[in-house]
Structures are given as structure tokens and as C-alpha cells.
Amino acid sequence: MKFSEYTYKRPDIEEISSQFDNALKQFSNSNSSNEQNFAMREIYNIHNDFYTMFEIGSIRHSINTKDEFYKSEQEYLDETEPLFKELFTKFYKALIDSKYREELEKKWGSHLFNLAELEIKTMSPDIIKDLQQENKYSSRYSELIASAEILFDGKTYTLAQLIPFTESSDRVIRKRANEAKYKFFLENEEELDQLYDDLVKIRTKIAEKLGFKNFVELGYARLKRTDYDAHQVAAFRDQVHQYIVPIATQLRKRQQLRLGLQHLKFYDERFEYKSGNATPKGNPNWIVDNGQTMYEQLSKETDEFYCFMKDQDLMDLMAKDGKMAGGYCTYVPNYKSSYIFANFNGTSDDIDILTHEAGHAFQVYNSRHFENPEYVWPTYEACEIHSMSMEFFTWPWMELFFKEDTDKYKFSHLSTRMLYIPYVVAVDEFQHFIYENPEFTPKERKQMWREIEKKYLPHRDYDENVYLEQGGFWHQQGHIFENPFYYIDYTLALICAFQFWKKMHEDREQAWDNYTHLCKLGGSQPFLKLVKEAKLSSPFEDGTVQSVVHDIESWLSDVDDESF
């Protein structure tokens with residue numbers, strides 16, 4: 001069955017509530033752990049039914065935000081999901097209080113109970129309306145970004161479609177394309193500031209109602225971070241500042257020399273070589289077909305997985321009018337199907353997003369055997385190990401896409417991942433500051449962003465662009481609006497993915513075995529235990545960051561990038 005044939009029916013929350021209450025009574029009145037296991041399966045069926053409709057509706061809305069039917073459905077789902085989460089919180093309370101808990105833990109694992117306890121802390125009937133409001137603000141941000149219609153050289157483009165112009169070999173075009181892009185953000189600055197102010201206030205209100213000190217604590221609990229805290233993340237940021245920021249600055253200096261520029265401006269950052277950036281040598285359909293060749297040769301498991309995705313049309317990859325920005329992978333429970341969403345634009349990003357999201361999809365394809373939905377996905381930072389490591393595992397097939405530019409692509413890919421880390425850490429530090437000081441004004445927030453940006457990106461030059469000099473760059477980072485604190489996850493995962501990169505050069509077969517083992521574990525264990533299962537070092541351990549980036553720096557230093 002193809003995705004277009006998946007049936008969508010608006011979930012009736014009253015009917016669901018009735019079914020759920022009956023199943024929960026069955027669980028609570030059970031006379032044995034076996035009876036409770038049976039009732040749990042019924043509860044999980046209800047969960048999967050709801051989220052199957054939720055995901056189908058959300059995917060179709062993101063594909064075309066101008067479709068009035070699915071726009072209306074998204075609004076309904078935003079209202080309904082908090083009500084469903086409240087139901088599930090009742091189940092979690094009954095689960096952790098079960099008199100058969102010891103036997104249930106033997107079957108389901110102790111991690112389920114840790115996740116349940118965190119979920120209970122993040123949910124209460126008192127915050128339902130607040131959660132609905134938070135969802136509305138978040139969806140409004142997505143719609144606003146998707147609505148961008150940017151006039152450039154007589155034609156209209158979305159933000160994704162404008163990207164190739166920001167990588168033009170003509171510096172004047174690069175600058176003008178960036179000016180057009182940030183003109184959109186400047187024109188919507190007031191609404192973006194207001195939306196974020198509303199989100200900060202509603203999230204702070206929710207945290208206070210739930211008894212948290214601030215939203216930082218609630219944000220970590222929402223992300224199911226059971227085995228590390230904000231202090232460890234702060235120490236990790238310090239390691240990045242000490243060991244990675246100097247490497248990033250040097251990489252930008254190398255780029256400046258390659259391009260023969262007196263000063264590297266912000267609009268030069270995406271243009272890497274005088275000869276032009278490495279780009280795919282074919283159209284999107286050609287990329288998808290070469291992807292099939294790549295995954296067929298990579299392993300038996302990836303061959304089976306990719307054929308499944310392609311045959312069922314579980315990928316929507318082309319940028320188009322009305323389509324939501326960015327890329328993601330999600331999962332439709334009752335069809336046991338991953339789904340990949342992207343916005344191809346003719347740059348190397350197309351290959352990165354294909355392999356990245358395929359890493360997510362491959363993981364969930366391998367962990368869909370779990371009966372309980374809590375284990376199908378791991379927590380976000382573990383999820384990103386799968387995606388970012390897949391980017392590196394597919395390196396041997398990059399010639400399929402880049403031909404004579406393969407070496408250029410590999411240097412760019414590895415160096416941009418290194419350059420990415422300080423930016424992500426800046427976003428994380430910014431969010432901690434914001435939610436520890438929720439009373440700050442939009443102007444004060446932007447001033448703080450600029451200070452943090454200068455700390456982690458000292459090489460960035462905004463060339464007197466007033467909007468960016470005053471701290472507006474973060475407006476384009478959807479995670480800040482939609483998924484607070486879900487961003488540092490990428491850097492924690494990158495430190496792990498870099499380890500896989502090193503291991504695959506030493507013993508590729510063993511590295512792949514460790515990777516597939518990690519994928520099959522899904523979310524059955526917390527982050528640090530999954531890292532250990534994959535035979536990787538924790539990013540939080542002293543010395544890990546320094547050791548890992550030393551290997552990457554050495555490889556990059558050996559490349560004669562000025563010859564590209």
C-alpha cells in the first residue's frame with residue numbers, strides 16, 4: 001500500500017477516551033501480571049490508532065500547508081493531542097503503582113517505568129489549555145516560515161528554493177540572495193518576536209503549574225533525559241568552546257584563503273570553492289534511484305529497508321510552493337512505516353538530508369518490532385546517532401552522486417559538520433539563558449543571542465547587516481520555537497557519529513555490526529546505555545571531545561583543499 005492510500009479519519013477524542021477508560025479499568029482490576037500485560041496491549045493499540053491518524057494528518061499538512069482540509073485537521077490535532085497525552089498519563093500512574101510492577105519490569109524493562117515517571121511529571125489536567133495554546137503558537141511559526149514567497153530576480157521562491165542562490169559562485173548574487181532572505185525575516189520580525197515571547201511565557205507558566213523551578217527542568221523532562229542533566233550539558237559546551245571553536249575558526253580561515261577573499265562575510269559561508277560547491281549530478285528522481293543502488297550495496301538490511309520506502313512512496317523530497325520548510329522523519333504506527341520529508345534544492349544538502357533521514361528511518365524500521373511505542377524511538381540525542389552515522393557509512397557511494405566532485409564533497413561534509421557544532425552549542429546556551437530569564441524583552445533576547453554568537457562563532461562577519469547585527473539570526477531556527485532544547489542532541493550525537501567514522505576506517509564490518517545493533521535496540525534503553533551498547537565513548541566523559549575531534553582535524557589537515 002502506498003502512502004497516498006493510507007486512510008485518514010479524524011480521531012474522535014470522546015470515543016477514544018471511552019475505549020481508553022475501559023482498558024485502563026481492565027488494567028487496574030487485573031488479578032495477575034499476565035492480565036495486565038493483556039490490558040497494556042489494548043492500551044497500546046489505542047495509542048497506535050491515535051498516532052496513526054495524527055501522523056498521517058500532520059504529514060499531509062506539512063506537504064501542503066495551503067490545503068484547507070489538512071490545515072483544519074492540524075488545528076484539531078493540536079487541540080486533541082494534549083487531551084490524549086492526559087489519558088496516557090493516567091495509564092503511566094497506574095503502571096508505576098502496579099502491584100505486579102516487579103514482574104512487569106522483567107517483561108517490559110525498567111526504562112519504561114523511568115519514562116513513565118518523567119511523563120507523569122510533565123502532564124496535568126491543569127495545563128491542557130496551555131498545551132493547546134503552545135501547539136497553536138508552534139504551528140503558526142511553521143506556517144509563517146512555509147508562507148515565505150521571496151521575490152528574487154523577477155521570480156518567487158520559498159526559503160528552500162532560494163538556497164542555491166546563496167551558494168552562487170557570483171558573490172553579488174550570494175549577497176543579494178541573502179539580503180532577500182533576511183528581508184523576509186525583517187518584515188516578519190515583530191510577529192516572530194511576539195510568537196517566541198508567547199511561547200516562552202506559556203512554557204514558563206506550564207513549568208510553574210507543574211512545580212518545576214523553570215522551563216529548563218521541564219524541557220529536559222519532556223525530552224526524557226533520564227541519565228544526564230543541564231550541568232553535564234554545560235560542561236560539554238565548555239569542551240566545545242575549548243577544543244572545537246578554534247578548529248572552526250581555522251576552517252573558516254582556510255575557506256577565506258581558498259576563495260581569495262580579504263574578508264569572509266556571512267553570505268560567503270555557504271560558498272566553499274572558486275570552482276563551485278560539490279552538487280549532485282542529476283535530478284531528484286536520479287538521486288532516489290542512485291540511493292537504491294547505494295543501499296542495495298551497503299547491506300542486505302538497508303536494501304530491504306530502502307525498497308520498502310521507495311515502493312510505498314514513503315518519501316516526499318521536492319521543495320514546492322506551500323510546503324513546510326526543513327526535513328524530518330516520522331513513523332506511522334499501524335502501517336509500521338517510516339516517512340521521510342525533505343525539500344530538495346539541487347545542492348549537496350539533498351544527499352545529506354537523504355542519508356540523514358534514511359538513518360532515522362532505518363533505525364525505526366529495525367525497532368518496529370517493539371510492542372510498546374515508547375521503545376520504537378529512542379530519545380532525540382540517540383536518534384541523531386543513527387542519522388548522522390548513516391551520513392558517514394554511505395561515504396563509499398558518494399561517487400554515485402558527485403562524480404568528479406566526490407573528494408570535494410567529503411571534505412565539505414566533514415568540515416561543515418565540525419563547523420556546525422559551535423553553532424548548535426550557541427543555540428543551546430541561548431535557550432538555557434532565555435528560560436532562566438523568561439522576563440527578558442525581545443530586544444534583550446536578541447542582544448544575548450549576539451553575545452553568545454560572538455563567543456562560539458567569533459569568525460562570523462555580518463557585513464553591517466542591521467537585522468543580523470542586532471541578533472535576529474536565530475529566528476530561522478525552527479527548533480527554538482517548536483522543540484525547545486532539542487538541538488544540543490545533534491552535537492552529542494555527532495561526537496558519537498565521529499567515533500563511528502573513525503571505526504569504519506579501521507574495521508568497517510565491526511563498525512556496521514555495532515551500528516545495526518544500536519538501531520535494533522530502539523529506545524529500550526536511555527542515551528548513555530545505548531552509547532555503551534554501541535561500544536562508543538560518552539560525549540560527557542572528560543577527554544572524549546578532544547580525542548574525537550583530534551582525529552577529524554588530522555584528516556582535514558591532510559587534504560589539499562586549495563586544489564579543489
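## Basis of the model

Residues are numbered from 1 along each chain as its sequence is written. The model is predicted, with local features requiring pLDDT of at least 70, side-chain atom pairs counting only at pLDDT 80 or more, and totals for chains, interfaces and linings using all residues, while side-chain values rest on heavy atoms, with hydrogens and water left out.

## Overall fold

The chain contains 25 helices and 5 strands; helices (H or I, at least four residues) and strands (E, at least two) are DSSP runs numbered from the N terminus. Its C-alpha atoms fill a box of roughly 75 × 55 × 50 Å along the principal axes.

Of the 564 residues, 61% count as buried, where buried means under 20% relative accessible area, exposed over 50%, and partly exposed in between (1.4 Å probe, protein chains only). Among contacts (heavy atoms within 4.5 Å) between residues at least 6 apart in sequence, 76% join residues at least 24 apart.

## Helix α1

Helix α1 spans residues 13-28 and has 16 residues. From its first C-alpha to its last it reaches 22 Å, close to the 22 Å expected at 1.5 Å a residue; the expected span is 1.5 Å times one less than the number of residues. At the start of α1, a side-chain oxygen of Asp 12 comes to within 3.0 Å of the backbone nitrogen of Glu 14.

The buried residues of α1 are Ile 13, Ile 16, Phe 20, Ala 23, Leu 24 and Phe 27. Seen down the helix axis, they fall within an arc of 105°, so they line one face of α1; the arc is that of the directions from the helix axis to the C-beta atoms. The cover over these buried residues includes α2 (33-63), α3 (68-96) and α4 (101-108). On the other side of α1, Glu 14 and Lys 25 are exposed.

## Surroundings of Arg 417

Arg 417 belongs to helix α18 (residues 406-436) and is buried, with a relative accessible area of 13%. Leaving aside residues up to four places away in sequence, Arg 417 touches Asp 352, Glu 391, Phe 392, Leu 494 and Phe 498.

The side chain of Arg 417 also makes a polar contact with the side chain of Asp 352 (3.5 Å). A polar contact is a pair of N or O atoms within 3.5 Å; within protein, one must be able to donate a hydrogen and the other to accept it, and residues adjacent in sequence count only if both atoms are side-chain atoms.
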